[in-house]
Amino acid sequence: MRLVVVGNGMAGSRLVSEVRTRDPHIRITIFGAESRQPYNRVLLSNVLAGSSRPEQVRLLESSWYDAHHVEAAFGDAVAHIDRETRHVVTEGGRREPYDLLVLAMGSEAIVPPIPGVERAIPFRTLDDCERIMEAADQARRAVVVGGGLLGIEAARGLAGRGLPVTLLHLAGHLMERQLDVEAGEVLGETLAGLGVEIRTGVSAESVREDGVLLAGGELIEGDLVVLACGVRPVTGPAAAAGLEVRRGIVVDDELRTDDPSIFAIGECAEHEGTVYGLVAPAWEQAAVAADVITGGKALYRGSRLVTRLKARSVELAAMGETQLTEEHAEVVRFSHRARGTYRKLVIRDGRLVGAILLGESDAVGTLTQLFDRGAPVPGDRAGLLFPGLSSAPVADSPTLMPDAAKVCQCNNVTKGQIRACWEAGARDVAGVAAATRATTGCGTCRDAVEGIVGWLCEQEGISV
Amino acid sequence: MTRTHCPYCALQCGMEIGPGLAISPRTDIPANASGALCQKGWTAGELLTNGERLTTPLLHGEPVEWEVALDHVAERLSAIRAEHGPDGVAVFGGGGLTNEKAYTLGKFARVALGTSQIDYNGRFCMSSAAAASIKAFGMDRGMPFPITDLAEADVVLLAGGNVAETMPPFVRHLSGPRMIVIDPRRTQTARLAWLHLQPTPGTDLALALGMLHLAIADELVDEAYVAARTTGFDEVRTSLAAWWPERVERITGVPVYRMRQAVRALAAAGNAYILTGRGAEQHAKGTDTVSAFINLALALGLPGRHGSGYGCVTGQGNGQGGREHGQKADQLPGYRKIDDPAAREHVAGVWGVPADSLPGPGRSAYELLDALGTPGGPRALLLFGSNPVISAPAAEHVAERLASLDLLVTCDFVMSETAALADVVFPVTQWAEESGTMTNLEGRVLLRNRAVAPPEGVRSDLDVLAGLAERLGHHLETEPVKIFDELRRASKGGTADYSGITYERIAAEKGVFWPCPEPEHPGTPRPFLDSFAHPDGRARFVPVQHRPAAEETDQDYPIYLSTGRVLAHYQSGAQTRRIAPLVQAAPEPFVELHPDLAEQLDISPGDVVRVSSRRGEGKAVARISDAIRRDTVFMPFHWEGANRLTNPALDPTSRMPEFKVCAVRVERDV
């Protein structure tokens with residue numbers, strides 16, 4: 001069997017390694033439009049921020065393909081799918097036959113049709129990233145257009161390089177798809193504290209050499225303009241081949257298109273009306289498609305979306321339906337804007353259906369997992385938002401400690417036994433240790449024993 | 001006064017036995033030089049006077065003379081071997097046996113029985129860490145540094161270990177450093193930590209990958225060290241691109257900023273250690289998990305530096321020595337590989353047999369137990385120093401396998417749950433009634449001296465082996481010191497070279513570190529300072545990938561079970577459950593669960609709870625505590641129950657079963 005994979009991004013490269021893990025023999029050819037080894041797009045913001053070098057985001061070594069008998073053709077995009085004869089044809093004119101075809105063509109950056117936009121650099125690929133970094137070295141001010149996840153990461157990264165940055169956003173608050181108004185505002189305040197000036201509710205009219213002109217005539221100065229205006233699925237060749245395409249290439253639960261020999265995964269695919277723009281769903285789809293291709297029976301039932309901003313000193317997690325209000329769900333909210341903290345739970349039928357966590361929080365792991373698993377939410381909502389809150393206070397003061405409290409774990413000695421030992425004449429830790437062996441194990445209870453002995457002596461007015 | 005060591009864990013605290021069997025700590029042994037002992041140690045003398053002591057051989061439950069029992073077993077072994085071949089007879093050892101016993105057991109199996117079917121319960125204990133250490137360093141010596149070095153460190157990360165309960169005096173070596181503890185429970189040890197990371201059971205591997213990813217992203221890698229002392233970093237770095245911290249957070253439940261705090265603390269430390277325990281190792285991916293932690297240690301430049309390093313915290317009393325001298329399916333004495341022709345030639349020479357008469361590698365512990373009584377599997381089992389009815393995974397299944405044997409023989413000093421199933425039980429000496437060497441968690445060879453005479457009618461495991469060997473036409477030594485001399489010769493030139501160590505040196509030097517190849521050699525406290533044990537002297541980075549637990553939770557079994565220890569008991573509890581103060585301290589098994597889970601399941605403290613998995617069920621009393629994750633329950637494994645539930649899925653390299661995570665259902669027992 002000949003498997004051809006079109007697209008060497010996060011989804012395509014993942015699919016190939018998933019298939020190879022399951023089946024060492026199947027013939028695999030992978031085409032990539034970019035000439036590079038596959039890399040982890042999620043980490044591009046680290047590259048932009050300067051915390052990762054470009055070679056550190058590679059997903060596979062170049063030797064991987066030979067070692068795993070995968071033919072890789074990079075830098076030659078597939079232009080045409082010939083379903084009649086089951087071939088793909090590249091821009092370079094190469095014809096490659098397939099028995100099964102996987103389309104993992106990803107998406108492309110949306111470039112708004114405004115005058116001068118060619119002066120701006122979209123933020124989508126590693127090449128883009130390198131262009132931006134190069135320009136940033138010469139630039140005095142930067143403007144980022146688009147206040148979604150990627151735009152914020154880009155703005156934060158550029159600010160981290162010491163460049164003054166203005167972030168322009170069309171909607172009334174940042175990340176309006178994932179955040180409610182208040183969370184968007186708190187996030188903006190946090191970013192402002194890190195050197196990113198936020199302008200929401202503004203529309204870019206044109207890109208000029210000296211900056212971005214807003215509708216209304218205001219000029220936002222900047223000699224580097226970065227575009228993060230969203231992405232659109234790459235569906236051209238699929239549509240031209242007559243596959244069903246809506247926003248993305250329509251697939252079923254096996255990730256098959258309406259042609260059973262063609263699959264689509266990742267950002268170019270549309271499943272149950274949803275086009276996913278995050279890597280986790282793409283990898284889940286890759287695993288399912290690989291299983292189906294190698295004869296398995298896996299099915300894809302959609303993904304739960306957790307958005308996690310990757311920007312230094314900004315901790316943000318948003319998941320599920322964050323914008324539901326009290327009319328439709330139970331909402332638990334804590335806001336402390338002065339500290340950049342905002343936490344929100346959205347609960348329906350006893351399950352967590354959405355959450356926002358802004359600012360460092362130990363709750364993030366638990367909440368993400370509750371959301372992922374659809375597990376019942378415990379009755380104590382405050383304990384969920386503030387882990388540790390429900391912990392019983394430790395009665396370590398000798399006065400408050402009950403006699404039954406174990407003071408020395410290693411030798412199973414209670415406060416009552418220490419008291420009895422004191423009453424029998426022991427007046428210091430050594431005496432208590434000799435009689436009860438308290439403090440002779442790990443030794444961490446020494447202070448507690450000292451405290452109890454001291455307190456008992458004090459009670460009796462005995463000086464020690 | 002007799003100078004000896006504690007009968008229990010791998011710390012092997014020094015102790016003296018005085019008149020009236022009074023125990024007191026020694027202050028000349030570094031493990032507990034502060035004079036520390038835990039309750040198990042203090043009460044160890046009661047093992048010697050326990051009324052439940054076996055003092056006569058039992059044949060089908062009836063007392064018989066020693067010669068009758070030995071004749072019976074030898075005849076049955078010969079008959080089974082004649083019918084089913086040498087592999088029809090199997091031997092199972094233990095990590096609590098002295099080096100002399102472990103050595104003799106391996107020799108008995110290969111020479112007197114000619115069977116390849118020998119393994120031991122250390123497979124359930126150290127095997128994952130051992131396999132990963134051998135991959136990375138070319139050698140497995142649990143902690144390749146003296147325990148006292150830990151106190152000088154700035155930071156110690158302990159992944160999956162609860163030393164405050166399992167070996168309390170260990171904690172005294174940790175009072176200086178900042179501790180980072182990785183454990184799904186806030187254990188006694190985690191309570192002492194500066195930072196406690198509480199991952200989902202079965203995700204330690206992802207956590208280690210995420211931490212190394214952060215170390216690389218935040219430029220904390222010791223590039224000079226990596227260049228000078230290691231190989232393979234580039235491939236590992238590429239393999240980590242898929243394990244960015246936010247993804248790891250979702251899998252583990254550990255917040256990214258906490259991972260970053262941990263990595264930064266380790267990287268900023270002048271001296272730091274990374275230690276792993278069973279919590280990280282007892283998984284179907286335990287070897288890879290340890291490799292991931294070793295990769296982190298290597299990236300930070302820790303191993304092979306005085307004052308820093310990686311170590312595994314060995315569990316059983318002689319867990320280290322027990323894995324070096326040939327009771328393991330794939331090994332010959334001196335930590336030699338049984339399929340290495342040179343190793344076979346050397347050991348066969350010491351044993352005076354042709355090398356080609358030695359069998360090859362046999363089944364690993366669980367595979368051996370699983371094969372008992374099956375077509376092609378062993379029909380007879382000789383069991384020493386182990387109680388698999390309690391301690392093996394899928395314990396009910398293991399009990400069935402044992403019951404299906406034609407012959408089960410155990411050597412025990414009390415009637416353990418497994419001995420109760422045996423056709424023949426030999427009553428044997430214990431601990432203070434015999435001499436022998438133990439190699440503790442540091443790789444320090446220690447001497448236990450006989451302090452008291454055994455009860456009448458009791459003989460050593462070594463006498464049992466020699467008695468059976470004699471009846472099968474072979475001679476074995478029974479004097480520990482003579483056996484040790486033979487072990488020295490057998491180990492000479494091997495990885496674990498004991499040839500320069502003598503009983504006299506151990507006594508005079510308070511223990512000797514292996515390798516010690518010559519009588520004049522001082523021993524090797526820190527073997528990796530100049531080079532690692534691979535031929536090129538470099539440590540290896542080993543690329544590994546996280547994968548889910550062998551059994552994840554689902555609708556039918558929605559909760560994770562993790563298992564572990566309590567302070568008052570040791571292993572299967574065969575010894576400690578017979579000592580009154582320890583029973584008083586921890587009288588019964590329990591199930592620990594989070595208040596939110598208890599509320600959801602309508603369980604109150606003290607309720608009897610039924611926990612069931614695909615393999616069996618166990619009942620225990622509910623203990624409600626917010627020290628555990630909401631999605632997990634914990635059961636100690638010292639009693640029947642916990643291991644009826646655990647999953648025998650095996651690590652592909654170490655053959656370690658997945659004790660530390662499986663899926664269960666929890667209900668109030670009505």
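In chain A of this predicted model, the loop that runs between β18 (249-251) and β19 (262-264) contains A:Leu255. Although A:Leu255 is not a glycine, its phi is positive, at about 70°.

**Domains and annotated spans**

The domain assignment divides chain A into domain 1 (2-107 + 232-293), domain 2 (117-229), domain 3 (315-385) and domain 4 (406-459). Taken over C-alpha atoms, the centres of domain 1 of chain A and domain 3 of chain A are separated by 34 Å. For chain B, the assignment gives domain 1 (2-47), domain 2 (55-124 + 320-430 + 457-478), domain 3 (127-313) and domain 4 (559-668). Here the C-alpha centres of domain 1 of chain B and domain 2 of chain B lie 30 Å apart.

For chain B, an unreviewed UniProt entry lists residues 1-50 under "domain: 4Fe-4S Mo/W bis-MGD-type". The table sets out the secondary structure of these spans, together with the separation of their end C-alpha atoms.

| Span | Helix | Strand | End C-alpha separation |
|---|---|---|---|
| Residues 2-286 of chain A | 26% helix | 28% strand | 17 Å |
| Residues 407-453 of chain A | 53% helix | 9% strand | 12 Å |
| Residues 1-50 of chain B | 16% helix | 22% strand | 21 Å |

**The interface of chain B and chain A**

The two chains meet through 52 residues of chain B, which are in contact with 55 residues of chain A. The size of an interface is often expressed as the accessible area that is lost when the parts come together. Between chain B and chain A, the buried area is about 3900 Å², and carbon and sulfur atoms give 47% of this area. Within chain B, the residues that lose the most area to chain A are B:Trp244, B:Arg250 and B:Tyr257, which together make up 19% of what that side buries.

Five salt bridges are found across the interface of chain B and chain A. A salt bridge joins A:Arg53 to B:Glu219, with their closest N and O atoms 3.5 Å apart. Polar contacts between chain B and chain A amount to 19 residue pairs, counted where both residues are at pLDDT 80 or more.

On the side of chain B that touches chain A, the elements that give two or more residues are α1 (39-42), α8 (204-217), α10 (233-239), α11 (245-252), α12 (256-268), α23 (580-585) and α24 (595-601) of chain B. Of these, α11(B) gives the most to that side, with six residues. When the residues of chain B that touch chain A are sorted by class, 22 are nonpolar, eleven are polar and 19 are charged.

Definitions and conventions
Residues numbered from 1 in each chain as written. Chains lettered and ligands numbered in written order. Predicted model: local features only at pLDDT ≥ 70, side-chain atom pairs only at ≥ 80, totals over all residues. Heavy atoms only, no water. Domains from an automatic or database assignment. Helix = DSSP H or I, 4+ residues; strand = E, 2+ residues; numbered from the N terminus. Contact = heavy atoms within 4.5 Å. Buried area = accessible area lost by both parts, 1.4 Å probe. Salt bridge = Lys/Arg side-chain N within 4 Å of Asp/Glu carboxyl O. Polar contact = N/O pair within 3.5 Å; in protein donor to acceptor, adjacent residues only side chain to side chain. Nonpolar A, V, L, I, M, F, W, Y, C, P; charged D, E, K, R; others polar. UniProt positions renumbered as here; feature names shortened; annotations may be inferred.
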